[in-house]
Amino acid sequence: MRPNVVTEAGLSTRVGQWWESIPFLTSAVVVVCGAIYLICLLVGYDSFYEICFLPSAVISRFQVYRIFTAIVFHGSLLHVFFNMLALVPLGSELERIMGSVRLLYMMILLAISNAILHLIIALVVSHNPFHPFPELMDECAIGFSGILFSMIVIETNLSGAQTRSVFGLFNVPAKWYAFILLVVFQFLMSNVSLLGHLCGILSGFAYTYGFFNLLIPGTSFYSAIEAYPWLSSCVRRPKFILCTGGNPTGYIPTYSGQTTTSSGILSGNMWRNLSSWMPQRETAPQSMPQQDSRFPGRARTLASGQSQTTLSGDSDANLQARLLDENDHLSPTENVARQQVLDGRRPGLDNAVVAPLENPALHQSTALPDEQIQKLVSMGFEKTQVEVALAAADMDINVAVEILMSQQG
């Protein structure tokens with residue numbers, strides 16, 4: 001009996017650790033959607049036609065509340081389970097980059113844009129003179145999956161990966177990944193809203209290409225919200241991520257125009273935002289990269305280790321941009337070490353590079369876990385170089401690998 005007790009305790013501990021690793025907003029959405037479904041199940045509520053997104057009801061009776069009720073209600077246990085299962089990795093990655101308040105604003109913006117696109121397409125298709133589909137106006141869409149498809153598009157573009165795996169079965173070009181998932185879900189599942197998912201994909205591309213730049217506030221907007229007294233109990237939680245508190249490892253590649261950043265809701269140049277309709281992949285400049293106001297300046301690229309190594313041409317430029325972007329936040333002694341990494345002048349690991357690690361205050365804030373050190377040493381790097389690279393990368397093992405690879409290159 002004792003081994004069973006140990007096993008159960010170990011499982012509960014692992015589940016608790018997994019839950020604690022999920023950031024504040026992502027876990028809050030999971031709790032809210034799960035609680036709403038559980039309450040509906042307990043009270044026997046199944047009148048989803050009253051709260052789903054129904055184009056005819058929104059237009060004729062102006063029931064705009066359906067925009068938001070439709071995304072938090074779900075029709076079945078499997079529906080809410082798989083939606084939340086997909087939200088946890090997507091939302092966690094984006095929240096660590098954007099911050100909790102910024103991600104909440106993005107979700108609201110995507111929910112509204114999805115609804116507007118849904119209405120427009122439903123009206124056009126149902127009233128077209130060639131082959132109208134009036135039943136599209138009475139299609140009841142419900143669930144969080146529309147926003148999930150938007151987040152898939154945004155995360156895929158941020159990752160920089162060239163290909164994506166579909167359920168581990170086959171790889172597809174990253175730019176078609178969301179559309180492939182759309183087709184797969186249509187074939188595998190019944191009662192799936194094709195239009196709802198398609199509008200989510202279109203909103204994700206619109207957000208990524210800069211169409212919403214005029215609607216995206218600057219960092220000060222989110223910081224002001226985080227400073228509200230009524231939000232202090234949430235901000236103090238360890239899982240809450242400030243909008244400038246993402247992983248401080250550099251520049252995020254996005255699709256945008258040349259200068260389409262926005263410092264406020266009504267700021268920016270209209271022509272520049274319109275020019276982003278024909279975007280090109282933006283390459284990291286050799287000087288300080290321009291911050292995209294949709295994301296915090298200090299954050300990490302979502303690319304996997306495989307995609308980072310295959311794109312070795314862009315890796316050095318991204319590494320240089322990361323190191324330059326962090327210089328504003330380092331002490332003069334740390335800047336010396338960071339600049340030596342940038343210039344590639346560290347084959348001997350002289351005392352000037354190791355000096356920042358000997359500073360007690362710095363050592364306290366950048367404690368080096370033995371697990372990460374041993375992992376990098378097992379990859380063939382020297383232990384001293386590993387310790388310095390981890391300290392320079394703010395404990396991010398992916399960036400530390402890039403630093404070590406750049407030294408060897």
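This report describes the fold, the disulfide, the nonpolar cores and a strand hairpin of one protein.

**Overall composition**

The structure is a predicted model. The protein contains 20 helices and four strands. Of its 409 residues, 46% are buried. Among contacts with a separation of 6 or more, 71% are between residues 24 or more positions apart. The accessible surface amounts to about 21,400 Å², and carbon and sulfur atoms account for 63% of that area.

**Annotated spans**

An unreviewed UniProt entry carries the annotation "transmembrane region" for residues 21-45, 65-91, 103-124, 136-154, 166-188 and 194-216. Two of these spans may be described from the model. For residues 166-188 the content is 52% helix and 22% strand, with end C-alpha atoms 13 Å apart.

**The disulfide and other cysteines**

One disulfide is found in a search of the whole structure. Its partners are Cys52 and Cys140, whose sulfur atoms lie 1.8 Å apart. The torsion about their S-S bond is about -130 degrees, and the disulfide is therefore left-handed. The pair joins distant parts of the chain, 88 residues apart. Cys52 lies in the loop between α2 (24-43) and α3 (55-60), while Cys140 lies in the loop between α6 (100-126) and α7 (145-159).

| Residue | Relative accessible area | Class |
|---|---|---|
| Cys33 | 1% | buried |
| Cys52 | 0% | buried |
| Cys140 | 32% | partly exposed |
| Cys199 | 0% | buried |

Cys52 is classed as buried because its value of 0% falls under the 20% limit. Cys140, at 32%, lies between the limits of 20% and 50%, and so counts as partly exposed.

**Nonpolar cores**

The largest nonpolar core has 48 residues, of which Leu87, Leu94, Met106, Met107, Phe144, Met151 and Tyr207 touch the most other members. Two or more residues of this core come from each of α2, α5 (77-98), α6, α7, α8 (177-188), α9 (194-208) and α10 (219-226). Helix α7 gives the largest share, eight residues. Another core, of 13 residues, lies apart from this one and includes Ala389, Leu390, Ala392 and Ile403.

**Val125 in helix α6**

Val125 belongs to helix α6. This residue is partly exposed, with a relative accessibility of 27%. Leaving aside residues up to four places away in sequence, Val125 touches His131, Pro132, Phe133 and Leu136. Val125 and Glu135 are ten residues apart in sequence, and their C-alpha atoms are 9.8 Å apart in space.

**The β1-β2 hairpin**

Strand β1 (residues 163-166) runs antiparallel to strand β2 (residues 170-173), and four bridges join the two. Thr163 stands opposite Pro173 of β2. Three residues separate the strands of this hairpin, and Phe167, in the turn, has a positive phi of about 55 degrees.

Methods:
Residues numbered from 1 in each chain as written. Predicted model: local features only at pLDDT ≥ 70, side-chain atom pairs only at ≥ 80, totals over all residues. Heavy atoms only, no water. Disulfide = S-S within 2.5 Å. Buried < 20%, exposed > 50% of the residue type's maximum accessible area, 1.4 Å probe, protein only. UniProt positions renumbered as here; feature names shortened; annotations may be inferred. Core = buried A, V, L, I, M, F, W, Y, C linked by side-chain atoms within 4.5 Å. Contact = heavy atoms within 4.5 Å. Pairing = 2+ DSSP bridges. Areas by Shrake-Rupley, 256 points an atom, 1.4 Å probe, with all protein chains shown as cover.
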